[in-house]
Amino acid sequence: MRKVLTGFLIYGLPIPLLLYSLTVGPSQGLVFADYWDWGRAALNGNIQESSTKVYVLNNIIENVRLPRVLLTFIIGAGLASSGGALQGIFRNPLVDPYVLGISSGSAFGAALAIAFPFFHINVMAFVLGVASVVMTYSFAFSNNKSSIVAVILSGMIVSGIFTASLTVVQYMSDPYKLQAIVQWTMGNLHHASWDKVNTAALPVGLGIVGMYLMRWRLNLLALGEQEAKAVGVNPTADKTILVGLATLTTSTSVAAAGVISMYGLFIPHLTRMMVGPDNRKAMPANIFFGGSFLVIIDNFSRSLMDFEIPIGIFTMLLGAPFFLFLMKKNKINWV
Amino acid sequence: MTETAIEVNNLSFRYGQTPILEQVNVAFPANSFSVLLGRNGSGKSTLFNIMAGLQKYQQGSVKLLGKERSKMSFPDCARVLGFLPQFHKSVFPFQVKDVVLTGRAAFSAFNPSKSDREKVGQAIEELGISHLADRPYTELSGGEQQLVMIARVLVQNPRIILLDEPTNHLDIYYQTYVLEKLKKLTENSLTVIAIMHDPNMAFLYADHCFFMKNQTVVTPTAEFDYHASTFLEYVYDVRFTTVMVNDKLLVVPVR
């Protein structure tokens, strides 16, 4: 029974959820019959000749809701799988995809682009996100070696540097730009567009497929470096590839939707409670459930109130209590 | 003629200016159970790390079944040699069978095959821990965890197994259990080499004992007679009295 339920949550939920999410939104006055009419018209391919209402609805669904739902799913899947991969690599359940400094690097990049509009925001966010990971790693390496503690410590310092720089930019910006910067750092899926879906889909897709293929290797890495070498595997190559894939995925999602904090931390914990720690099962669960859950959160964030609550904030408000509930219920003892 | 599993010649190693190994010459015989003894800091673990390929070496030679260690690739080496490091602690509560399965990682790149899973079944059967297969590794006792890690090395199908203090932290039941199993493995043409701290356990189970003192492997001579315990006193810097039990020599420290 439990198995069937978790199986449905992971693999059965995405398609109906994505379809349902197309009907969620602040447009008032739309009833089920309208969606029915739209569905029939869309299937027959005669949207153009239909009533104005159907035509407008089609426009909303095609150009506003569909890209948004898709982008949300892609980003949710990307953050969750990156989080799961990095927790395994660093053998640390406290790690999230931002541990290597990606979020603050990207936020600083975006702030720079908003304050001094020489570059495109998303490009700057991506470039500085990747740059922060490169910095974190180059500081952590000494004598061609890097310990997990050194990498995490170095990531915290790099984060600190970029957060401080971000504050400097905020301090110097005029109020309108400051508002834009603050909004960007809170996560902003309401800017979703086909443009963003198209730019995000390929890098995130690449990262997700790569991490999915390496899911069994992740079990080995999670046991430790010595333990990998002991059975004849040099873990450095595997680690580098996985960190690269996670960086690509995370930087792309931050560039597309801003900082969605904690999401990549707690989804891997949720899936671990559902399917166990074996990454062969947990990785697909992260991808599908990670995507679905962010879509659910986003549905609430755009329909619960008259105004939209930024997704980064709402993830915390909705996700954290749910996570705490499960943590208490499952009585997980971390040694 | 006895075959040689690992042959070490003129091996020296230093961390910065500190010498860790100096002119080590030793040959571990094949298909038998050898134990390496010596005081803390005498260089046992470093010698093991070098033999297992965890540590690179500049001077001297290490040959695994006649082939130079530094010229072998990681997967090549994995076919010949399995290594059990000293500390292993899993953060994630993986199931025992999944932990053991990772021992096949050098051979199956992305997904374990059916034969990989069969090897896991055989290995845990051989060590008598089949009943633990579905338990989370983190919930096992120290002795059970050690057996799981030995099974993980066995699924590699190596010719040689190196174990760094396999009986450390184990109660006397698991010490004898592990040593019996290791001894048994040598009957299936496997070479087992272990670092141990208890000379009596080593004398009871090992086919050959090797000793390290002052950064190198030392052998008993006429001057330091093994059986008169003077050699052991030299190795350990402790005074011993000897006891004979069933024609095995055992030692007890003198108070």
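This is a predicted model: local features need pLDDT of at least 70, side-chain atom pairs count only at pLDDT 80 or more; totals for chains, interfaces and linings use all residues.
At what angle do helix 3 (residues 32-44) of chain A and helix 4 (residues 52-89) of chain A cross, and within what distance do their axes come?

**Stop 1: helices 3 and 4 of chain A**

Select residues 32-44 and 52-89 of chain A, and you will have helix 3 and helix 4, whose axes cross at roughly 80 degrees and come within 9 Å. An angle between 65 and 115 degrees counts as roughly perpendicular, and helix 3 of chain A and helix 4 of chain A are therefore roughly perpendicular to each other. To see where they touch, show the side chains of D34(A), D37(A), W38(A), A41(A) and A42(A) on helix 3 of chain A, together with K53(A), V54(A), L57(A) and N58(A) on helix 4 of chain A. Coloured by class, this contact of helix 3 with helix 4 of chain A shows 5 nonpolar, 1 polar and 3 charged residues.

**Stop 2: helices 5 and 8 of chain A**

Next, select residues 102-115 of chain A, which are helix 5, and residues 175-185 of chain A, which are helix 8; the two pack at an angle of about 155 degrees, with their axes 9 Å apart. Since angles over 145 degrees count as roughly antiparallel, helix 5 of chain A and helix 8 of chain A are therefore described as roughly antiparallel to each other. If you look along the line from one helix to the other, the crossing of helix 5 of chain A with helix 8 of chain A is right-handed. The residues in contact are A107(A), A110(A), A111(A), I114(A) and A115(A) from helix 5 of chain A, and K177(A), A180(A), I181(A), W184(A) and T185(A) from helix 8 of chain A. Sorted by class, the contact between helix 5 and helix 8 of chain A holds 8 nonpolar, 1 polar and 1 charged residues.

**Stop 3: helices 9 and 12 of chain A**

Staying in chain A, select helix 9 (residues 194-213) and helix 12 (residues 235-257), whose axes come within 8 Å and cross at roughly 155 degrees. Helix 9 of chain A and helix 12 of chain A are therefore roughly antiparallel to each other, and their crossing is left-handed. On helix 9 of chain A, the contact residues are K196(A), T199(A), A200(A), P203(A), V204(A), L206(A), G207(A), I208(A), G210(A) and M211(A), and on helix 12 of chain A they are L242(A), L245(A), A246(A), L248(A), T249(A), T252(A), S253(A) and A256(A). By class, the contact of helix 9 with helix 12 of chain A is made up of 11 nonpolar, 6 polar and 1 charged residues.

**Stop 4: where chain B touches chain A**

Now display both chains and select the contact between them, to which chain B brings 29 residues and chain A brings 22 residues. On the side of chain B that touches chain A, at least two residues each come from helix 2 (74-80), strand 6 (81-84) and helix 3 (96-101) of chain B. Helix 2 of chain B gives the most to this side, with 4 residues. Class by class, the side of chain B that touches chain A has 18 nonpolar, 9 polar and 2 charged residues.

**Stop 5**

Two of the pairs to pick out are F13(B) with L21(B) and I6(B) with F28(B). Strand 1 and strand 2 of chain B form a hairpin with 2 residues between them, and in the turn G16(B) has a positive phi of about 60 degrees. Strand 1 of chain B also pairs with strand 4 (residues 59-64) of chain B, in the antiparallel sense and over 5 bridges; here N9(B) has S61(B) as its bridge partner.

**Stop 6: the two domains of chain B**

Finally, colour chain B by domain, with domain 1 at 4-219 and domain 2 at 224-254. The C-alpha centres of domain 1 and domain 2 of chain B lie 27 Å apart, and their contact takes 10 residues from domain 1 of chain B and 9 residues from domain 2 of chain B. On the domain 1 side, strand 3 (33-38), helix 7 (199-205) and strand 9 (208-213) of chain B each supply at least two residues, and the largest share, 4 residues, comes from helix 7 of chain B.

How values were computed:
Residues are numbered from 1 along each chain as its sequence is written. Chains are lettered from A and ligands numbered from 1 in the order in which they are written. Axes are lines fitted to C-alpha atoms, for helices over the stretch in contact, and angles run from 0 to 180 degrees between N-to-C directions. Angles under 35 degrees count as roughly parallel, over 145 as roughly antiparallel, 65 to 115 as roughly perpendicular and the rest as oblique. A crossing is left-handed if the near helix is turned anticlockwise from the far one by less than a right angle, and right-handed if clockwise. Two residues are in contact if their C-beta atoms, placed from the backbone, lie within 7 Å. Ala, Val, Leu, Ile, Met, Phe, Trp, Tyr, Cys and Pro count as nonpolar, Asp, Glu, Lys and Arg as charged, and the others, Gly among them, as polar. Domain bounds come from an automatic or database domain assignment. Two strands pair if DSSP finds at least two bridges between them.
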